[in-house]
Amino acid sequence: MKQEDKDILRKYLPEEAVDQVSDDIVRYKIAFRISRARSTKLGDYRAATQGVAHRISVNHNLNPYSFLITFVHELAHLIVFERYGRRVMPHGPEWKQTYNLLMQPYFEKEIFPDDLKKVLIRSVQHAKATDGSDVELTRVLKSYNTLQTDPNEVELTQIADGSYFKIADGRVFQKLHVQRKRFKCACLASKRLYLFSPIAGVKSVSAEEMNNFLNFINLNKTRR
Ligand SMILES: [Zn+2]
């Protein structure tokens, strides 16, 4: 890998992981892309097809640990695909075993801080994956984000059932109840139901804001 490409990786990864990751990118001939922030996923893998290389992308706004874990997660998909094609489940036993193996050198190099290492090892062994479904891991990873999080933002678990909250795009929801470790919430404008992660970052809505919002909705209803 060219030195300048390696220097780009250095901005996103823990220093001790740069060589290994760049070696993997070269070895598996990966078209690697550092992507814009996507709210639906941290990274993705697309299998090689005729004439097109394996593609892996990782969101640019992840902290270095998250960036590395996401890369390894996607690399495990690549290796499993090369070995088994589409005959196995995306996060099945073959993937879990591969992911576990790929993480070992990073554990040996003591790259991760103790608290993160502890939950990460547990997560790798039980391999609930790093797709955001592992709440404990996501929470510890989040604590290493250097970007200042909004002081008004709270986790969805912290607000009471039945109360209102809004998300980054301005939509207002009502928190209903837990359903299989997720929270069922109703979007007031569209009246649709959504499932939220318990650690989704949300802002609570004051009574005054709520009144304005309901007036706005009613106004638009009568106009139609
Ligand atoms: Zn995956």
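Strand S2 (residues 43–46) and S3 run antiparallel and are joined by four bridges. Strands here are DSSP E runs of at least two residues, helices are H or I runs of at least four, and both are numbered from the N terminus. Two strands pair if DSSP finds at least two bridges between them. Within this pairing, Tyr 45 has Ile 56 of S3 as its bridge partner.

This is a predicted model, in which local features need pLDDT of at least 70 and side-chain atom pairs count only at pLDDT 80 or more, while totals for chains, interfaces and linings use all residues. Residues are numbered from 1 along each chain as its sequence is written.

On to S1: strand S1 (residues 30–35) and strand S3 (residues 54–59) run parallel, with six bridges joining them. Here Ile 30 sits opposite His 54 in S3.

## The six-stranded sheet

Further along, six strands make an open sheet, and the order is S4-S9-S5-S6-S7-S8 with antiparallel pairing. At the edges are strand S4 (153–155) and strand S8 (193–196), each pairing on one side only. On average, neighbouring strands of this sheet are turned by 50° against each other, direction ignored.

Zooming in on one pair, strand S5 (residues 164–166) and strand S9 (residues 201–204) pair in the antiparallel sense over two bridges. Phe 165 faces Ser 204 in S9.

## Helices H1 and H2

Helix H1 (residues 3–12) packs against helix H2 (residues 18–27) at an angle of about 125°, and their axes are 10 Å apart. The axes are lines fitted to C-alpha atoms, for helices over the stretch in contact, with angles running from 0 to 180 degrees between N-to-C directions. H1 and H2 are therefore oblique to each other; angles under 35 degrees count as roughly parallel, over 145 as roughly antiparallel, 65 to 115 as roughly perpendicular and the rest as oblique.

Lys 6, Leu 9 and Arg 10 of H1 make the contact with Val 18, Val 21 and Ser 22 of H2, where contact means C-beta atoms, placed from the backbone, within 7 Å.

## Helices H4 and H5

Helix H4 (residues 93–108) and helix H5 (residues 114–126) pack at about 160°, with axes 10 Å apart. H4 and H5 are therefore roughly antiparallel to each other. H4 passes H5 in a left-handed crossing. On the H4 side the contact is made by Tyr 99, Asn 100, Met 103 and Phe 107, and on the H5 side by Lys 117, Ile 121 and Val 124.

Pro 64 belongs to helix H3 (residues 64–84). Leaving aside neighbours within four places in sequence, Pro 64 is in contact with Tyr 12, Leu 13 and Pro 14. The C-alpha atoms of Pro 64 and Tyr 12 are 5.3 Å apart, though the two residues are 52 apart along the chain. Pro 64 is partly exposed, because 17 other C-beta atoms lie within 10 Å (20 or more would be buried, 12 or fewer exposed, and in between is partly exposed, with C-beta atoms placed from the backbone).

Lys 29 is in the loop between H2 and S1, and Glu 110 is in the loop between H4 and H5. Lys 29 counts as exposed because it has 10 C-beta neighbours inside 10 Å. Glu 110 also counts as exposed, with 10 C-beta neighbours inside 10 Å.

Note on methods: Two residues are in contact if their C-beta atoms, placed from the backbone, lie within 7 Å. A crossing is left-handed if the near helix is turned anticlockwise from the far one by less than a right angle, and right-handed if clockwise.
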